[in-house]
Structures are given as C-alpha cells and as structure tokens.
Amino acid sequence: MRAFLERHRHLSLLVAMLLAQLFFLAYQIKGAKDVRLIRLWAVAVISPFEKAVDAVVDGLGSLVENYVALYGARQESQRLRAELDLARLRLQELEARAAEAEQLAALLELKHAYPRAPLRAAEVIGSSPAATTLTVLINRGSEEGLAPNMVVLTPDGVVGKVIAAFPGVSRVLLLSDPKSGVGALVADSRQLGVVKGTGGSLCRLEYIRNEEPVAVGAEVLTSGQDQVFPKGLPLGRVTAVRPGEFFQEIMVQPAARLTRLEHVLVLAGPPESLTATAQASDSSKQLAR
Amino acid sequence: MALTYQPRTEVYRFHPAVVLGAVLAAIFLQVFLPIYLTLLTLFDLPLLVVIYFGFSRRNPSSGLLLGLAVGMAQDLLSNNPVGLFGMAKTLVGFAASSLSARLDTDRPVPRLLLLFVFVHVHQVIVASIQGLLLGEAGEFLGLRVLEAALVNALAGVLGFHVLDRFRKST
C-alpha cells in the first residue's frame, strides 16, 4: 500500500486533496431540508449497511418470531382442539341432559296429570342380557313398592309391565317381547284385541276378525280387560293390515320408543288407581299427546 | 508544429516571493478590477497563475497544491462554498503539471491552446460541482465560456511571458 502510494504519490495526493475538499464542500452545503450534505452522504454511506443489518436482524427476528408463532400456533391449535373436543363432549352431555330434562319434564307433566296416582319415576339402568327376551332393568324395586304386573309407561305410551321386583331393581317386560300381551282396542272402531310382541320393533294386534275393518294409522289403546293395564293408555298405531285365516294380521308400531328408554313411570298400584283419579278423563289425552 | 510530443526535462524554480506575489496579485486584481471594468469579469487570473506555475514546475503535487491554495483563497473571498474553485483548480493544477512533462509549454502557441482548453476544463469542473453538489445550474459551455477561454488564453500568453522573466532553470 505504501509502495503504491509512493509510486503514485502525485495521484494519491490529488485524490486526497480532492476528497478533502469534497468533504469540506459537503460539510458546508445544506440540502433542501437544511441538512448538511456531509450528513446526507454519511447517511447514504451508512444506511445501506444499516438496512442490510436491519434486514438480516429483521429476517432472523421474523424467522424466530414465525417459528415461535408457529410453535405457539401448534400448541394453540392442540389446545383449541382439546377444548373443542371437550366442548363437543360437553354439548353432547348438555344435549343428553336436555333430552333427559325434557323426558323428565314430560314424566312430571304426566305425573301431575294424575296427582293421586302412585306413579314412581324410574331410570332404565340396564337391558336384557339375552337377545331372546326384550326386558329392561329399572332402578326402582320392591323397596319402593314395586311389584310384578305393575304398569310401566312413558308420556308416549305403554312400555310394558314389571315382571320381577328386587330390592332396588326391577325387571320390566317390554311390549315388544314375544311373551308380552296387552288387552287392546282400536280407538276409532272400538274393536277389541290383544297386542302381542313379536320380538322385533313392531307388535301384532290379534284377534280382530277379518270382517272388522281396521284402518292403517288407527290408534290402538289399552282396553283394561287384562286387569293389568288401565284402560285408555296409548299402545301404538296400526302400520299394516292383512287378512288372515280368521283374524287379520295387524301390525302395530308401539307408541313408546322402546329401544330408547331412559326414564319411565311405574304405576305402583292397581290399574284402577290411575283411572279412578279425578283427571282420568284427561289422562288419555295427555298420554296421547 | 508547436504542439508536438517533445518531452521536456527542464524544470524551473521560482523564488517563493514571486509565487506568493503572483498569487496575491492575481487574486487582488481578480477581486478589485472587475469593479471598475465589467469586461474583466471574463478573466480568471488565479487560474492563469495556477496553470503557469504548473507548466513551469512540472511537478503535479506542487501544481495541485498551488491550485488547491489559490482556489480555496478564491472561494474564501467569494460567496462560493469553500472547495468549489479549490477542487477545480486542484485538478487543473495537477493536469497542467502533468501535461507539461509531455508537451512543450514554453512556446506561446501551445500555451494559448492549452490555456484555451484548461479554461474550458475548469469551467466544466466548476459547473459539474455546481450541478452535482450545489444543485445549481452551472454553465458548462457556451459563448461566454468561449469568450472567457479566448480572453484568458490571450492574457495568459502575455502574462506568462512576463512571469518567465522570474523563473530560473534548475
């Protein structure tokens, strides 16, 4: 460097003098914004480096920030997903509770409709362990005064009857069980018959003669003649009618949703205890509703 | 042909008083004479002094330093930002010194031509600085610059002849 400067000392001196004057000139000159040119030059020289450093720092910062944000977003996403799952679970629970509350409200309404009837609310706690029988277990038993042949119903209609009462638990034979039989009548024509279970979702209305017309959609109620079920409780609706050898083959869709039982009412008394109440006339309407 | 490639090794030296006197006289005249004679505004006597000593000393460093000093003095005495004429005369002093080693600058015709060129170069440099740094519209070339170049060239040839009397061969 020194050798170069000595070899080109005149040129070096020229450049040095020119630069010195240039800076001196720039120091004196003020730009449009009353800023000395030397400052503008200094800024112009420094600013690219500053911008570069700033860009690098910004880039790194942004990268780190994005990484952190991404990591945070992932955690947030996991947290939100967990919260969503929890909320869904909660919603399902609330929906179930709402449905349960609705059922209980209906049961309560039914109970209020028969203020003197010994209706006991019970919860279905189990179903039949064998596919051959359609029974459910309820959480009321002999200790609560439940006994065999007591009627089990919901606001929709008849469910069945208690076939065994144990301490704290009772077994209920559903209307759809093949062993079930309920005295019935067709609401419109007042034709008497027996509703029997088929083991499936439908029941069969038997002993209706071929010459006695039954319309599809007709409502079937309890007749009370079996001395177990009070008269006038909804059993179901006729879904199909076919003439048989002597009697028609009439299929009935149970009014109560037997496959989705949760809460039921048990008439802890004789059948008359329901019909003998002052509001007996309203009961059928209530149940029908 | 006067302007021929004819390397010259002869270097002249001056008594410092002569240099100082010539510079001061040039600046003094440049400052006061135009007051009385407008035509003299075309003259740039300090430039002529710089060129002359550049031609005679044939040393680029001393040429540029003399140009620097004269130009800055001129700037200081004027309203120009200091460095405007300084830079221009530094470059001219350097160029004159450098060229004098390769061209015969002792004869009137080369002097006339070189003076004519250097006045233009000086003006271009000043105008460039004005335009680039000061944001002013400087006059690069034109009739006035041409007139100034002719006047200064002629004055320079005469003045140089006078100054030649004070130089000594080394």
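Start by selecting the charged side chains of chain B: 12 are positive and 9 negative, and the centres of the two sets lie 12 Å apart. Here Lys and Arg count as positive and Asp and Glu as negative, with His and the chain ends not counted; each charge is placed at NZ of Lys, CZ of Arg, CG of Asp or CD of Glu.

A quick note before moving on: this is a predicted model, where local features need pLDDT of at least 70 and side-chain atom pairs count only at pLDDT 80 or more, while totals for chains, interfaces and linings use all residues. Residues are numbered from 1 along each chain as its sequence is written, chains are lettered from A and ligands numbered from 1 in the order in which they are written, and side-chain values use heavy atoms, leaving out hydrogens and water.

Next, hop to chain A and select strand β2, residues 135-138.

β1(A), residues 119-127, pairs antiparallel with β2(A) over three bridges (pairing takes at least two DSSP bridges), and Val124(A) has Ile138(A) as its bridge partner. β5(A), residues 169-174, is antiparallel to β2(A) too, joined by four bridges; look for Thr135(A) opposite Leu173(A).

Notes:
Buried < 20%, exposed > 50% of the residue type's maximum accessible area, 1.4 Å probe, protein only.
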